[in-house]
Every structure is written in C-alpha cells, then in structure tokens.
Amino acid sequence: MATLVLTTVGGLVGGPIGAALGGMVGQAADRNLLFKPKGRQGPRLTELAVQSSSYGRPIPRLFGRMRVAGQVIWAADLVEHRQREGGGKGQPGLTSYSYSASFAVALSARPIINVGRIWADGNLLRGAAGDWKVATGFRLYRGDEEQGADPLIASAEGVGQAPAHRGIAYIVFEDLPLAQFGNRIPSLTFEVIADPEPMPVGAIAGELSGGALSGEGPLQRLDGFSAYGDSVRGVVETLAEMSGAWFAPAGHGIAMRADTVPGRTVEDDGRFRRLTPAGRVPRSILVSHYDPDRDWQTGAQRAVRQGGSDAAVSIDLPAALSASAAKTIATAMLARAEAGRTRRRLELDSAAIDIAPGAVVTIAGEEQRGAWRVTAVAVERFRVTLELVSLAPPPIPARASGGRILRQPDAPAGNTILHAVELPDLSGALAMRPQLTIVAAGTRAGWRRAALHYSLDEGARWTAAGTTREPGVIGTLAQALGIAPSTMIDRRHWIDVDLPHEAMMLTGADDAALDRGANLATVGEELLQFGSARQIGSGRWRLTGLRRGRFGTPIHGAQQGARFVLLDGDSVATIPIEAAPGQRILVMANGVGDSVPVEASGVLSGRSLLPPAPVRLAARVLDQTLHCSWRRRSRTDWRWRDGIDTALAEEREAYRVTISTAGGTITLESEAPSVTVPLGATTPASGQVAVQQIGTHGLSAAATVSF
C-alpha cells in the first residue's frame with residue numbers, strides 16, 4: 001500500500017489553512033527544504049509598533065507599502081549645544097542648552113524604493129511632499145548590494161570598521177534636534193515604499209521561500225506586508241491562512257495553491273461521509289491588520305455566523321489592508337471553517353491514480369454543491385482511495401469602514417519670509433539697548449519657526465539669537481497708501497493687502513480692542529491700526545477704519561508693493577542688540593523649508609530707546625524776540641490712561657534747540673518745553689527752529705517749524 005497524505009500543521013479545525021505537505025511513501029519531501037519543523041513564530045502586529053534597539057532582533061522583509069518602526073542599528077553620543085543670550089551692560093545673561101543625535105535605523109531586510117512620511121512620537125517629522133518639519137540631516141540607503149558605508153558612521157567608527165549593511169535598507173539621521181522630544185531620541189515610524197504596487201500573496205510567498213515554492217500561488221493582492229518572525233515557515237503559513245491557500249506536491253517541489261476551480265470530476269456512491277460537530281467551528285473570527293486609510297494604525301474587522309459554539313478566533317495579519325479587504329478575509333475564513341466540517345472518502349479504480357494530494361475535484365451529479373480538495377491519496381490493489389474536504393466558494397467582497405481618523409495636518413513649510421526692523425518700544429519697558437523687532441512667516445501654511453542669527457560686521461561673524469515666534473501675518477500692499485492725519489480715524493484711505501497663502505488671515509477689531517492695542521501693523525515706517533478686515537479675493541484683504549501714526553511714527557504713506565506686517569504679540573520677537581544707533585545690522589533666518597538662509601539688513605535708528613520728537617512746535621517773533629513752545633512726548637505709556645501728562649521716562653527733561661537764520665545758527669539747551677530768544681537788531685526775523693528732546697540714550701528726531 002502506498003499513501004500520499006496532505007497534513008495540516010495549524011489552522012482552523014484541521015482545515016486547509018496553514019496546511020503543509022507531509023510525507024510521501026518512498027520519497028518524502030523534506031520539510032527543512034522550506035520550513036523549520038516545530039516551534040515557529042509568525043509575525044504579529046505589535047512587533048511593528050515600537051522602535052527598538054535590541055541586539056539580534058530580526059529585521060522584517062517589506063513588500064508593497066508599509067509603516068514600520070525599524071531597528072536602531074547605530075547611534076553616536078548626544079551632542080550638546082550651548083547658547084548664551086542677553087548679558088552686557090549690567091544685564092544678566094541666560095545660557096540655554098540643547099541636544100542633537102545622530103543614529104541609523106534599519107527598515108527592511110529587502111531592498112526598497114523610497115521612504116515617504118516619517119513620524120516622531122506620533123507627529124509628522126517629514127510630510128508627504130518630502131518636506132521636513134524639523135531641520136535635520138538625512139540619508140537613505142535602499143538596501144542594494146552595491147551600497148557603501150555611510151560617511152558619518154565611518155568617521156565615528158573608523159576606516160574599515162563601519163559595515164555597508166548591503167541588502168539592508170536603512171536610514172541615517174545626522175544631528176536631529178531633540179529639544180521638542182524631551183532631549184531623547186523619539187520613537188520613529190516610517191512609511192516605506194518597497195514595491196511600486198500591491199503584491200500578490202503568491203509572489204510574496206515565492207520570494208520568501210527562495211524558490212522552494214513553485215507556481216503563481218494566490219493572486220490576492222496586499223497593499224503591504226511585513227515578513228517578520230523567527231522562520232520562513234511561520235510567515236508563509238500566515239499568508240496561507242489569510243488567503244485560504246494550501247500546499248501541494250509539484251514535481252520535486254511544493255506549490256502553494258488557492259484555485260478552487262475543479263480539475264477533475266469523480267464518482268462517489270456516498271457511503272463514506274462525515275460531518276464535524278458544529279461546536280468545533282468558531283462563531284466569530286476577528287482579523288487585525290494595518291489600515292492604510294488610517295495612516296497604518298491597527299484596524300480590526302469581525303465576521304460572525306449564526307449558531308455554533310461561543311468560540312472566537314483572533315488573527316493578527318501584518319499586512320496593509322483596507323477595512324473592506326480585512327472584512328472580506330474574515331468572512332472568507334469563517335466560510336472556509338464551516339465548509340471544512342464536511343469530509344468524504346471515495347474509492348475509485350486505477351484510472352484515478354494520477355490524482356495527487358492538493359488537487360481540486362467535483363463529485364459527479366453534485367457539481368452544484370461545489371468543489372472538494374484532496375487531502376490524502378491511498379493506492380492498494382489497483383484501487384485508489386481519496387480523502388476529501390469541502391471547499392468554500394470564492395468570497396464575496398464585503399464592505400466595511402475603518403472608522404474616522406483625526407489626521408495631523410501635513411502642510412509644507414515653504415520658504416521663510418523675514419521682517420526685521422527697529423520700532424518704538426511697544427512694551428513700555430524702557431529699553432536700555434537698541435531692540436530689533438522680528439516677525440517671520442512662510443510662503444506655505446506649514447511653516448512654523450526659523451533659527452535666527454545677526455551680524456554687526458557684514459556677515460564676518462554671526463551671533464545666535466534664538467528662534468522666531470509663532471508664524472506672523474506678512475503681506476504686500478496692492479496699491480499705494482496716501483497721507484492722513486493721526487488725530488482722527490482715516491476713512492478716506494484703505495489698504496488692500498495680498499497675503500501669501502489662504503491659511504494666513506486677518507480679522508477686524510472693535511474700538512475697545514483697538515484701545516488695547518489690537519490690529520497694530522507696520523506699513524513702511526508707519527505704525528497703524530485697522531478696525532475692519534474683509535476678504536475681497538484669493539489671499540487679498542481690504543482693511544478700513546485706519547488709525548494712523550501710532551506710537552509717534554511718521555506718516556509718509558507707502559508705495560504699492562510695500563510690506564505689511566501685523567504686530568501680533570504671539571508672533572513678535574524682540575532682540576536687544578549690543579550696538580549704537582547708526583550701526584548697520586544683518587539678520588539671518590533659517591527654516592526647515594529654506595534651501596539657503598533668508599537675510600534682511602538695515603541700520604539701527606535708535607527708535608526703540610530714544611524719545612519721540614516733540615509736537616505742536618510753534619515759533620513767532622514779537623518785539624525782536626523769538627518765542628518758541630512745544631509739547632514733549634514719552635517713549636512709554638502711549639495709551640494715556642489717566643488723562644494727565646505721560647511719564648517723562650528719561651533721566652531728566654531737557655531739549656536741544658537749534659535756531660537757523662540767514663545770519664547764522666544758534667544752539668542752546670532748555671529744561672522746559674519753551675524758550676525765549678532775543679534777536680539782535682541785525683538778526684533776520686525769519687528762519688527755522690529745530691527742537692530735539694535729550695533722552696537718556698541720545699537725541700530724539702527733530703521737530704521743525706519756520707518763523
């Protein structure tokens with residue numbers, strides 16, 4: 001007697017799921033050709049969830065498109081960066097410390113095509129467009145057999161000591177800033193593109209077997225799959241379990257089959273038939289998977305049947321599947337378990353001797369009942385005995401929802417827009433040094449911040465100045481802005497301003513909010529406020545109800561194309577500069593989207609620490625005597641809360657008065673906001689008077705009047 005047996009080594013109720021070829025009399029197929037015999041461990045979803053650095057852990061072979069955590073295979077010591085801010089002229093300084101890390105992460109033990117999005121602690125580190133949310137060095141090694149050692153690793157480990165990791169796809173981060181990750185290497189996950197399109201289950205199994213499996217195998221396609229486990233057998237059986245495939249002899253090898261189309265019709269007298277008790281079949285099957293529609297978060301779909309036992313089966317599939325595909329698999333697995341309850345034994349003549357285990361047949365006269373898989377063949381005295389198990393019909397595609405995901409916005413940063421200018425001290429804190437006001441934004445909605453440096457020697461040396469604050473609102477004037485008085489609301493003019501992207505917006509403010517300083521903006525050299533903001537086009541806003549010349553700034557108007565900058569407190573950075581008025585300064589900003597740093601330049605005017613020019617200057621000549629008077633202003637307390645004169649804010653009240661006539665120039669000082677100057681009989685009775693307030697740190701701009 002010769003017996004051909006197709007055994008099952010795992011799966012549902014002894015059915016075809018997880019089946020492997022057993023032995024054949026006379027010539028047994030060695031399981032070690034493809035599989036380890038016992039104790040295999042297949043892939044699990046949790047093995048991809050957390051990045052690790054344990055020595056000896058297996059690296060998955062990735063197919064299609066997957067999101068994986070990877071394995072840290074090299075890391076250098078953290079690098080400490082020290083930055084000192086402030087100090088000088090008796091002011092305390094602040095030293096801050098930050099850290100960066102360089103390390104390598106293995107992704108796949110199979111070559112890949114590219115890496116897409118990257119998440120750090122669950123937040124996007126790199127977007128779908130390849131844009132970085134944090135500035136870092138990054139290199140990708142795709143896992144080919146010709147890649148060389150990474151230069152950073154080679155420099156750290158020494159020449160000849162750094163492996164090239166050929167056949168391993170990995171990435172290298174160089175100087176990744178760690179401040180926003182609690183000064184530690186964050187938990188990283190990577191969207192890996194290993195193949196350009198979904199892969200058939202049979203093709204995946206065939207590649208994993210190294211050619212030991214022949215034929216196409218199941219044609220069911222997976223968006224992605226992670227071949228992860230301690231044996232090839234465990235991984236291939238997972239693929240067979242999900243696709244309903246089985247293994248059959250094919251020549252001198254093994255074929256993975258899933259085609260339920262019968263290849264033969266056989267006769268049966270119906271004498272040998274048995275039905276497994278329904279209690280041995282699970283009532284429900286839960287399939288856990290990675291859902292690409294939910295950024296590869298774990299999803300689960302359940303199939304339930306009526307009756308049977310209360311047993312439930314849970315299956316982990318390390319595959320990228322839609323919710324509907326996972327639901328279809330769960331339904332099909334349950335249908336196969338139910339169909340596998342029915343078994344038959346057929347005794348045929350020698351004409352059936354060519355039927356081998358794994359073949360699919362139908363019973364004559366019962367074709368409508370479906371197909372049967374041959375699980376064992378026995379040949380004795382020219383009689384052939386077949387053991388059959390019923391096959392479920394092909395699954396009907398199911399529909400399911402994976403649920404909603406609150407996906408993190410993925411907006412590219414674009415390039416930095418930098419505005420750096422010296423303005424009057426808006427805080428009222430009485431600056432002791434010139435203060436540079438910096439507002440920055442981006443050309444795209446994803447811009448967040450940029451590192452700042454300044455130079456007082458035309459770029460020969462740069463001083464770190466921290467980072468910009470929240471993204472500001474920076475645009476350009478669509479038309480020129482005329483001149484208007486600062487003593488009343490300007491209803492004659494309006495501002496049409498073009499903003500760089502739709503996410504940048506402006507809002508109106510009522511009188512109470514304006515009194516508290518809302519909607520303050522700079523246009524050219526003028527500070528102004530606006531009461532109403534209305535969008536009139538894509539990125540274009542019309543501002544009306546203008547309050548002009550705020551904080552004592554001059555009203556010169558502005559040309560078309562002039563820069564408009566909203567001075568919102570959350571977006572304004574103020575940097576004290578160790579320099580004197582008249583010093584030229586360069587400011588450099590470097591954001592994650594900038595291929596080269598962005599620079600701005602200007603000359604410190606002293607407006608941030610000098611008093612404003614006096615106002616209401618009047619001069620007249622009576623009886624050969626020049627009478628001049630004016631009103632002083634203060635560089636603090638611009639709201640005029642108490643209705644009396646504002647605080648002096650200087651060490652003393654003093655003024656420099658310059659009287660110019662055709663006969664010459666007279667310069668004198670006064671401690672009161674008025675002077676009386678006798679004119680000689682030969683002094684012309686006409687000329688010009690210029691008055692400057694003498695501040696603690698220098699002279700104000702001059703107020704002038706003719707007489």
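I looked up burial: 47% of the 707 residues of the protein count as buried (under 20% relative accessible area; exposed is over 50%, partly exposed in between; 1.4 Å probe, protein chains only). The model is predicted, so I took local features at pLDDT of at least 70 and side-chain atom pairs at pLDDT 80 or more, while totals for chains, interfaces and linings use all residues. Residues are numbered from 1 along each chain as its sequence is written, and side-chain values use heavy atoms, with hydrogens and water left out.

I noted an accessible surface of about 33700 Å² for the protein, 50% of it belonging to carbon and sulfur atoms (Shrake-Rupley method, 1.4 Å probe; for residues, only the protein chains shown count as cover).

I listed 5 helices and 45 strands (DSSP runs numbered from the N terminus: H or I of at least four residues, E of at least two).

Next I checked helix H2, residues 201-208, where Val 201, Gly 202, Ile 204, Ala 205 and Leu 208 are buried. These residues lie on the same side of H2, because they cover an arc of only 160° around the axis (taken from the directions from the helix axis to the C-beta atoms). After H2 comes Gly 210, with a positive phi near 70°.

Then I went to Pro 282, in the loop between strands S18 (272-275) and S19 (284-291). Pro 282 counts as buried, at 4% relative accessibility. Leaving out residues up to four places away in sequence, Pro 282 touches Arg 305, Ser 309, Ala 311, Val 313 and Leu 334 (contact: heavy atoms within 4.5 Å). I also recorded 8.6 Å between the C-alpha atoms of Pro 282 and Glu 338, which are 56 residues apart along the chain.
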